[in-house]
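Please look at the packing of side chains in the model below, and work through the questions that follow it.

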Amino acid sequence: MISSPPRPLRSILPEITSLLERTADAAFSVTLEGEIRSWNRAAERLFGYEAAEVLARTCDDVFDGRGALGTAVQADFDHVRQCVAQGHAVPDFDLAVTTRAGSRRWINVSTLVHDDPQTDRPIIIHLARDIDARKQSEEIIGRMLRLSRHLLAIADESKRPAPVTPLSDAERRILRLFADGRAPAEIARELNVTPQTLRNHLHHVNQKLGTRNRLEAVMHALQRKLI
């Protein structure tokens, strides 16, 4: 028996659709198969596509972008669907997507899961936020760190400050990654830790080095040959 195509979300869960229209975040919902079922007005403004242009298409088809580690968009959304299917928590993630106008834009995507009582299947709801400014700031900091590392490499070693409280192996690894210009989201994913755990590590590093932020921490660690 051939099953009929799924009905649009607007006719299945009008209360969910109404709720998503009230959020300032771009919001869209997809099935476990990856088919886009709803698309709010904020999503239209952020990505440039009207709802009629994206419904029944897949996220990788619409966005045509890359994740924080250069992975295809499909890989990130496939991971989300796997987590949902297995009942696991879904972490947020960053994506560089292509808008309808052809421009590239960084977004952060978080996920909600709603179990539809009518179909007994989960509906995946994505909330997307524009993080272009944050990514540009991280890129500038990365360039500054790379330049600082180069300058310190040719500095007079006799002027190095005395050693400080020893850093742990994990803390040194994090500082080395920041010194290489890596973004926080990339580092958290590479180390398989949450963003909050990464922030906790940085807090401990700043306490040990007497610094106030990650840029100062990396500079001090490079000067003292701790990394």
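Q: Is F63 buried or exposed in this predicted model, and what is its relative accessible area?
A: In this predicted model, the side to consider is the cut-off, since a residue counts as buried under 20% relative accessible area. F63 falls under that limit and is therefore buried, with a relative accessible area of 0%.

Q: Which kind of aromatic pair do F63 and F77 form?
A: A pair of aromatic rings is described by the distance of the centres and the angle of the planes. For F63 and F77 the centres are 6.1 Å apart and the planes are at 20 degrees. Planes under 30 degrees apart count as stacked, so the pair of F63 and F77 is stacked.

Q: Which residues form one aromatic cluster?
A: The structure holds 8 aromatic pairs, and F63 and F77 form one that is stacked. Both of these residues also belong to one aromatic cluster, whose members are F28, W39, F47, F63, F77 and F93.

Q: How many residues does the largest nonpolar core have?
A: In soluble globular proteins, nonpolar side chains tend to be buried together. Here F28, W39, F47, F63 and I107 have the most contacts inside the largest nonpolar core, and that core has 24 residues.

Note on methods:
Residues are numbered from 1 along each chain as its sequence is written. This is a predicted model: local features need pLDDT of at least 70, side-chain atom pairs count only at pLDDT 80 or more; totals for chains, interfaces and linings use all residues. Side-chain values use heavy atoms; hydrogens and water are left out. Rings of Phe, Tyr and Trp (its six-membered ring) pair if their centres lie within 6.5 Å; planes under 30 degrees apart count as stacked, over 60 as edge-to-face and the rest as tilted. Buried means under 20% relative accessible area, exposed over 50%, partly exposed in between (1.4 Å probe, protein chains only). A nonpolar core is a set of buried Ala, Val, Leu, Ile, Met, Phe, Trp, Tyr and Cys residues joined through side-chain atoms within 4.5 Å.
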